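I set out to record what the coordinates show about the two chains and where they meet. The entries follow in the order in which I looked things up.

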Amino acid sequence: MPRKFAYIPFLIFLTLCPALPAAGPAVAARLRLALIPISDLSINYNGIDLETTQQFEQILKQFGYEPAVEKEVRKFMAANRVFDCSRLNAFTARKLGRELDCELILGATITDISTNDRKPDFGLALNIFSAASGEIVWSLHESSARTEETTLLAIGEPRSQVELKQRILIRLATRLQKLTSGNPPPGNRTTGKPYEIEEFLVKPSYARSGTPVETTIRIDTLDSPPDRVTVITGPDRELILKPGRRPGEFGGRWSAPALEGRHPLSLRLIWKRTDKQLVYIEKQLASYQVCNTPPRLSVEFRQAREMDGIPVFNKQVVLISHYSHKVPISRWQVQVTNRKNTSIFKETYSGRLPNRMAWRGWDSRHNLLPDGRYIFTLRIWDAAGNQAEVSRTIAIQRKCPPLTVKTIRKERQIFLQIEDPAQTGKTMLQAWHLNLYSPTGNEILSRSGTELPAEIELPQGYKSNFVRCELEARDQIGNLFTLSDERIYMPGHDLDVARQKTRKKWSEDF
Amino acid sequence: MPRAGLSCHRHKFLPTLLLLFLFLPGGCGGRPAPITKTLTAEPPARICRVAVLPFSCSNGDPRLGLKAERIFFSELVQAHLFRVLPEGDIELFFYRNRILPGTAPGTDELRAMREQLEIDAVITGRINTIERSPNGPGYLISLELDLVDTVSGEKIAATFLRRQGSDYRKILHFGLITTVSGLLQQMARDIFQQWRLRGYGGC
């Protein structure tokens with residue numbers, strides 16, 4: 001071949017390079033590792049792909065690794081509540097390495113997988129933990145698709161999902177081999193704590209001074225559980241926790257101190273050895289808050305009219321609550337009592353107090369309460385158990401006070417007098433409107449006003465012995481009073497009695 | 001003689017030029033760098049140990065956020081920028097402190113993380129857009145990545161990046177990325193490379 005074309009074979013080689021099958025694995029030193037079942041997020045949040053796990057395990061064996069027995073790995077996972085690789089923390093990795101005698105722990109997640117075999121794609125992220133230190137020492141990620149693997153003349157292209165997956169897994173194993181060959185897994189067995197605080201539960205999170213506070217601690221250890229566990233509750237206060245029912249469980253109880261505020265809790269774990277004792281301190285692992293100040297509470301009534309300092313409503317009253325608190329509100333209660341102090345409505349809810357709530361004047365059985373005055377009480381409790389309460393008298397008024405219309409004679413003039421016999425109208429009436437008609441239906445006069453009692457002079461020379469009256473009045477709450485087609489007789493007439501009559505009920509016709 | 005000499009010179013450089021044409025990263029020149037804003041005056045060198053929190057996704061798919069988090073986690077370990085805390089330790093911390101998964105930790109929680117997990121910062125991410133690329137095969141992804149200080153709860157750096165698979169095309173199909181994970185991997189590399197240039201990590 002002439003020298004000037006010498007680069008052409010090299011070019012062809014480079015072009016075909018991706019198509020060339022992977023070179024046979026160079027067998028590494030027998031490194032023992034544990035492969036956690038591979039997570040597959042395409043299945044669900046906690047999905048696991050056992051088929052790919054087994055496939056990868058076989059490939060790792062070909063590359064000279066010695067994977068731990070799958071059953072043993074799963075047994076460990078079940079015992080230590082490790083559902084997938086995401087739950088594997090540094091301590092559990094160390095424990096796994098110790099129990100299964102591994103040097104490396106592999107946790108992998110499928111980041112891409114195609115369900116369409118014609119357009120395969122696959123991706124895998126691999127985290128490699130050092131079993132000695134429990135830390136992630138290496139991490140690898142490989143992903144590809146058929147379109148990314150296109151080669152000249154389609155030689156060696158992956159034709160299916162299985163082929164592509166195999167190729168990616170081999171690439172990962174090759175990269176892993178490069179990392180591990182000649183490099184012992186980093187990490188020192190002496191580093192790291194020999195335990196992990198799995199749970200540190202403090203109940204309640206908010207307390208009042210003097211009330212009991214409980215704690216439950218669950219500790220997972222590499223060897224034996226600690227001989228003594230104490231909880232440091234204050235600068236000079238330490239409490240020895242008692243062992244619980246299960247191994248590694250400890251619990252204790254003490255009284256909340258008088259000092260308000262957040263109280264951090266630390267742990268002291270002691271292992272007694274023949275020659276020395278090992279002491280580990282976990283600082284400020286949990287906390288609880290002491291609060292003795294009740295929350296401040298006030299209530300504002302909306303959609304109600306203030307009458308003599310009492311909110312009066314007809315359809316519903318909206319309560320706007322204002323409160324300030326140091327700790328969250330845990331529950332609240334609404335109670336309505338009548339004048340005899342009998343509770344007629346009481347409901348308790350847990351959680352946050354809503355900013356707005358409406359009461360339609362119902363009792364506990366959803367019956368409408370009669371008009372009258374009631375005592376409305378709102379109570380709230382914060383998470384520490386401090387209570388705040390606000391009570392207020394409210395009134396239900398669903399009807400406008402009945403008005404009377406009568407005729408009176410003053411000297412020679414005849415007046416029509418509108419009155420509020422209950423004398424409540426002075427403050428409650430908003431407006432009234434009166435239409436007077438002759439017995440034949442002709443309008444005599446029309447008047448409006450805002451105050452009662454009111455006197456309206458009838459036209460001079462009115463001859464008939466009665467007038468037809470239509471009266472409509474509205475109180476300030478919005479209740480309506482109507483008199484329709486009411487006969488008002490002239491003074492001195494036999495039926496000179498102003499009749500108070502509201503609309504007939506339909507049932508009265510029967 | 002001079003003609004022959006010139007001809008020989010041309011043949012000598014032709015393969016080199018051809019090779020450069022084929023294998024130079026074509027998209028590299030025109031691709032804009034990630035937009036990174038340094039938000040605090042804190043010296044970045046003191047950040048040694050970090051944790052990657054699950055990413056949030058604008059389409060509300062938590063699995064996509066988790067997938068992105070694991071890819072970024074993997075790339076962060078490979079980049080050797082920081083020492084990265086295993087995901088399981090974060091899970092355990094969230095469980096122990098009764099923080100719901102997916103909840104962004106507040107300042108108090110970040111301080112507790114610092115105390116208990118001995119981390120200097122957390123990396124949070126948000127995928128804003130993920131859709132089929134309008135220009136050819138592959139996907140278009142835009143995301144934000146923040147480095148949050150565990151002492152103050154403030155963002156140390158915020159990076160925004162928008163990429164599509166064809167941005168990485170060199171020539172023909174070479175370099176073209178058609179998978180979501182492949183694109184996220186490249187984006188992670190771009191961001192961490194820029195963080196390195198800005199002086200983050202490496203302690």
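**Entry 1: the interface**

I began with polar contacts and counted 25 residue pairs in polar contact between chain A and chain B, with both residues at pLDDT 80 or more. The model is predicted, and I read every value below as computed from it.

I then asked which elements of chain A supply two or more residues to the side that touches chain B. They are helix H1 (7–16) and the strands E5 (104–113), E6 (121–130), E7 (136–145), E8 (195–203) and E16 (277–290) of chain A. E7(A) provides the largest share of that side, with nine residues. Sorted by class, the side of chain A that touches chain B holds 21 nonpolar, 17 polar and ten charged residues.

I next looked up the extent of the contact. On chain A, 48 residues are in contact with 40 residues of chain B. The two chains bury about 3700 Å² between them, and 55% of this lies on carbon and sulfur atoms. In chain A, the residues that lose the most area to chain B are Leu41(A), Tyr45(A) and His141(A), which together account for 16% of what that side buries.

For charged pairs, I found five salt bridges across the interface of chain A and chain B. One of the salt bridges I noted pairs Glu196(A) with Arg96(B), with 3.4 Å between the closest N and O atoms.

**Entry 2: two threonines of chain A**

I looked up Thr109(A), which belongs to strand E5 of chain A. Is Thr109(A) buried or exposed? Its relative accessibility is 3%, and Thr109(A) is therefore counted as buried, the cut-off being under 20%. The side chain of Thr109(A) makes a polar contact with the side chain of Arg70(B) at 3.1 Å. Beyond its neighbours within four places in sequence, Thr109(A) is in contact with residues of chain A including Ile38(A), Leu41(A), Cys85(A) and Leu124(A), and also with Arg70(B).

I took Thr52(A) next, which sits in helix H2 (residues 50–62) of chain A. Thr52(A) counts as buried because its relative accessibility is 0%. Setting aside neighbours within four places in sequence, I listed its contacts as Ile38(A), Ile110(A), Phe122(A), Lys165(A) and Leu169(A).

**Entry 3: helix H4 of chain A**

I asked how many residues of helix H4 (residues 90–99) of chain A are buried. The number is eight of ten, so H4(A) is largely enclosed by the rest of the structure. The buried residues are Ala90(A), Phe91(A), Thr92(A), Ala93(A), Arg94(A), Lys95(A), Leu96(A) and Gly97(A). After H4(A) comes Asp101(A), whose phi is positive, near 55 degrees.

**Entry 4: chain B**

I recorded six helices and seven strands in chain B. Along the sequence, the pattern of chain B reads α-α-β-β-β-α-β-α-α-β-β-β-α. Chain B has 203 residues, of which 48% count as buried. Among its contacts between residues at least 6 apart in sequence, 66% join residues at least 24 apart.

**Entry 5: confidence**

Lastly, I checked the confidence of chain A. Its mean pLDDT is 85, and 87% of its residues reach 70 or more. Over residues 16–23 of chain A the pLDDT is below 50, and this stretch has nine contacts in the model beyond near neighbours in sequence.

Note on methods: Residues numbered from 1 in each chain as written. Chains lettered and ligands numbered in written order. Heavy atoms only, no water. Contact = heavy atoms within 4.5 Å. Buried area = accessible area lost by both parts, 1.4 Å probe. Salt bridge = Lys/Arg side-chain N within 4 Å of Asp/Glu carboxyl O. Polar contact = N/O pair within 3.5 Å; in protein donor to acceptor, adjacent residues only side chain to side chain. Helix = DSSP H or I, 4+ residues; strand = E, 2+ residues; numbered from the N terminus. Nonpolar A, V, L, I, M, F, W, Y, C, P; charged D, E, K, R; others polar. pLDDT = per-residue confidence, 0-100. Buried < 20%, exposed > 50% of the residue type's maximum accessible area, 1.4 Å probe, protein only.
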